[in-house]
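Here is a short briefing to read alongside the model. Please keep the 3D view open as you go through the points.

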Amino acid sequence: MFKTLAGQERNGFMVDYLYDGSFEGFLTCIYEHYYNEKASGIYRSDFYQASILVPCRTVETEENKATRVYDAIENKISREDLKRAYRVFLSSAEEKENKLLQYLRLGFQKGSAVSLLHSNPIVFEVQQIEKKVTVEMHRLKGLVRFSALVKQAPGLVDREILYCKVEPDHDVLEIIADHFADRLKSDPFIIHDKIRNKAVIAQAGSWYIAGFTDADLPGLGELERDYRDLWKRYFETIAIQERINPACQKRMMPVRYWKNLTEFR
């Protein structure tokens, strides 16, 4: 009757929780699940499809409740599982909230041993989702290509900003931001997730996430086109024809990333 994971429990729990899409909002739903009414499912309010059979309730994000659940996961399950929960939350997996709900319920029963239950389908699926997010995070750390854009403002000196565009499968900006902020402390930069219309905006080692679209882009720097040509020529020049291996290249740099790499434009 119901196809969702959470739907397997609808006979016992009769309310869907709707939240604002933030991790804090999700944790607030977990709090409500334990201290108020049991949830039949947790869903983003903007993607929710109402059913006449199951009532729903909007849960407002409350920082103190989210913090209590955050601490409970870290202390009663493990810090690794807290990190796993966050990475799975950043994934694009369908029903990720309900998979996490089941995982955390199991974790609060088993403690840190939940990570060892590899044959459990709930644990296995969450671990597989985390693996995909982690793989994409590491790939982007190596595949990001910055261009130099120039921010112009009337009456002010033009300022150069490093910019790159990415289109990841998962919402990984937050977990790659520290990596680049640490390495580019002297240069302001923007990493733009075109799919989600958001960006990491960083300067002097600090960063924040903001909404961002192509309309917000400054123009190319004066030397940027020359640098792009140089990079392409370098990429082609260092290639050893006898060792070119397209299959290996596609495995290490999946084709879906190529359109944002300078050497393939």
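Predicted model: local features only at pLDDT ≥ 70, side-chain atom pairs only at ≥ 80, totals over all residues.

Residues are numbered from 1 along each chain as its sequence is written, and side-chain values use heavy atoms, with hydrogens and water left out.

**The chain as a whole**

- Eight helices and nine strands make up the secondary structure; helices (H or I, at least four residues) and strands (E, at least two) are DSSP runs, numbered from the N terminus.
- Along the principal axes, the C-alpha atoms fill a box of roughly 65 × 55 × 35 Å.
- Of the 265 residues, 43% count as buried; buried means under 20% relative accessible area, exposed over 50%, and partly exposed in between, with a 1.4 Å probe and protein chains only.
- The chain exposes about 15,300 Å², and carbon and sulfur atoms supply 52% of that area; accessible areas come from the Shrake-Rupley method with a 1.4 Å probe, and for residues only the protein chains shown count as cover.
- Among contacts (heavy atoms within 4.5 Å) with a separation of 6 or more, 66% are between residues 24 or more positions apart.
- The 39 positive and 39 negative charges have mean positions 5 Å apart. Lys and Arg count as positive and Asp and Glu as negative, leaving out His and the chain ends; each charge is placed at NZ of Lys, CZ of Arg, CG of Asp or CD of Glu.

**Salt bridges**

- A search of the whole structure finds 16 salt bridges, each being a side-chain nitrogen of Lys or Arg within 4 Å of a carboxyl oxygen of Asp or Glu.
- D171 pairs with K198, with 3.1 Å between the closest N and O atoms. Because D171 sits in the loop between strand 5 (159-166) and helix 6 (173-183) and K198 in strand 7 (residues 198-203), the pair ties together parts that are 27 residues apart in sequence. Both D171 and K198 are buried.
- D214 and K194 meet at 2.7 Å, N to O. D214 belongs to the loop between strand 8 (206-211) and strand 9, and K194 to the loop between strand 6 (189-193) and strand 7, so this pair ties together parts that are 20 residues apart in sequence. D214 is partly exposed at 38% relative accessibility, and K194 is partly exposed at 30%.
- D182 and K185 form a salt bridge at 3.5 Å, N to O, and D182 is partly exposed at 46% relative accessibility.
- E32, R57, E62 and K65 are linked in a network of salt bridges.

**Surface patches**

- Patches are made of residues with over 30% relative accessible area and no salt bridge, joining like charges within 9 Å and nonpolar side chains (Val, Leu, Ile, Met, Phe, Trp, Tyr) within 5 Å.
- D20, E24, E60 and E63 gather in a negative patch on the surface. E60 is in the loop between strand 3 (56-58) and helix 2 (63-77), and E60 is exposed at 57% relative accessible area.
- L223 is in the loop between strand 9 (219-220) and helix 7 (224-237) and counts as partly exposed at 46%.

**A loop residue to look at**

- L53 is in the loop between strand 2 (41-44) and strand 3, and L53 is exposed, with a relative accessible area of 55%.
- The C-alpha atoms of L53 and M14 are separated by 8.9 Å, and these residues are 39 residues apart along the chain.
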